[in-house]
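Take a walk through this protein chain, one stop at a time. Keep the sequence and the model side by side as you read.

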Amino acid sequence: MSTRELGGTTAATVRLSIRVTALCWVLVLLDGLDLFVYGATLPGVLADKSFGLTPISGGNIGSLTTFGMMLGALGAGILTDRVGRRKIIITGVVVFSLAAAACAAAPTVEFFGAARFVAGIGLGGLLPSAIAMVMEYAPAWRKNLAVTTVMTAHQAGGALAGALGMTLVQSMGWRSVYWIGALLLVVVLPAVVFLLPESMTFLLAKGKTGRAQAIADKFAVSLDTFAPEPAADRRGGLRGLFTPSVRMTTLLFWIASFAGLLLVYGVNTWLPTMMRGSGYNLGSAISFLLVINLGGIAGMLVAGRLADRFGARPVAIIWFALTACGVGLLAVHMPLAVTYVVVFLTGAWLFSAQTLIYAAVGAYYPAASRATALGWVSGVGRTGAVFGPWLGGILVAGGLNSLGFVVFAIAGLLGAAMVALVRRNGAYATESGQVERPSTQNA
């Protein structure tokens, strides 16, 4: 493919995009590991009678974690457009890694819950900032694939959490898994601090042309590639999410994100426990968490390519609908081999459906408010992430495992409906990343 066919993208620009995407992939892997390790260790923590965790308190802690993520995402969504993506990303990694160590050493359920809340703040702050960074460095013709590629790391982290839960919880205890998550900080953080550049789009938007030019010179790329929109067209911050052309889109994306994150965190927190309640043994129940996240990795890669070809929005609609079907099927007790297939396919649709919301959001807002939009879609959606684990705990405590799958399937249908209502002609930018000014009839 020629430079003209790449929209003026040079080989150096592509290399820099790969560098940023790879670094963010590793960080999101740690994010996913720290997040999904709770669901992987939950059966073991509940079985540790000396610790005293109950299904109700387990659900409350899961919701407390996602409440922390909501605060972290909302705060990062505002701060990242003011202080920069890089600082928020690095701070998030430090916070959730130290919190993982606190979880490993927790003497009481209350201390453990507080540590999970703090971990949630770090987890919530990192993800939208990393997505914004990746989108800004990615060529326009591969923005959706770049986002879904990074999000495969989230599912790889979940798969790793499931694998660690299967191999270590019964032999070394649930605390050992949290210690491993904390120790990864020592290995990864120095490399990220040294190798990850700041967003040049952010630097240019803040008038820090000298710093942006230094980064461009270092990587032999053109600064024009990252030029922000003209100042007259920029309306950043929360106000930029409620301009006449995008305010209804903002509300629809918020509701869709609520449904998607209710699914993601409700299912990931309670899937092993609910499957065990449906008659599967502990090893098989935890293995479902591994399988659903492996499915998530495959689904991200497929969804990213489809989104770059057909747009993130239509693929998200289909993916949410298929998620509802897959989750609903889990309410039926099937042969083990069939169940593994259904769990894998459900993961392929479930996680990428929510990620496609992020990809679509990035294309519907200008660069000046893109990180804010992502942060608030993620942050407002965290109310679903708070509600999902709590609701799962209530249903599991009442022995209503099958009803839990039905409730989560309904959330998938809600997500599909909300994304379907987003108007294509009301977008600030096309889903391929090419900017279009809103028409006056939408204003």
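Start at Gln354, which sits in helix H12, the stretch of residues 336–364. The model is a predicted one. Is Gln354 buried or exposed? Gln354 is buried, because its relative accessible area is 3% and the cut-off for buried is under 20%. Its side chain has a partner. The side chain of Gln354 makes a polar contact with the side chain of Ser257, at 3.1 Å.

Now step back to the whole chain. How many helices and strands does the protein chain have? It has 14 helices and 0 strands. Read from the N terminus on, the order of elements is α-α-α-α-α-α-α-α-α-α-α-α-α-α. The protein chain holds 443 residues, and buried residues make up 60% of them. Gln354 is one of the buried residues.

Next, go to helix H6, which covers residues 175–195. Leu183 lies in this helix. Its relative accessibility is 55%, so Leu183 counts as exposed. The cut-off for exposed is over 50%. Leu183 and Ser97 are 86 residues apart along the chain, yet their C-alpha atoms are separated by 7.8 Å.

Move on to the surface. Which residues form the nonpolar patch there? They are Ile56, Phe387, Trp390 and Ile394. Together they have about 330 Å² of accessible area. Helix H13, residues 367–397, gives the most to this patch, with 3 residues. Ile394 is found in helix H13. Its relative accessible area is 36%, so Ile394 is partly exposed.

Arg82, Lys87, Lys206, Lys208 and Arg211 gather on the surface in a patch of positive charge. Look at Lys206 in particular. Where does Lys206 lie? Lys206 is in the loop between helix H7 (200–205) and helix H8 (209–218). Its relative accessibility is 41%, so Lys206 counts as partly exposed. Partly exposed is the class between buried, under 20%, and exposed, over 50%.

Look back over the stops. Gln354 is buried in helix H12. Leu183 is exposed in helix H6. Ile394 belongs to the nonpolar patch, and Lys206 belongs to the patch of positive charge.

How values were computed
Residues numbered from 1 in each chain as written. Predicted model: local features only at pLDDT ≥ 70, side-chain atom pairs only at ≥ 80, totals over all residues. Heavy atoms only, no water. Patch = residues over 30% accessible without salt bridge, like charges linked within 9 Å, V, L, I, M, F, W, Y side chains within 5 Å. Areas by Shrake-Rupley, 256 points an atom, 1.4 Å probe, with all protein chains shown as cover. Salt bridge = Lys/Arg side-chain N within 4 Å of Asp/Glu carboxyl O. Lys, Arg positive; Asp, Glu negative; His and termini not counted. Charge placed at Lys NZ, Arg CZ, Asp CG, Glu CD. Helix = DSSP H or I, 4+ residues; strand = E, 2+ residues; numbered from the N terminus. Buried < 20%, exposed > 50% of the residue type's maximum accessible area, 1.4 Å probe, protein only. Polar contact = N/O pair within 3.5 Å; in protein donor to acceptor, adjacent residues only side chain to side chain.
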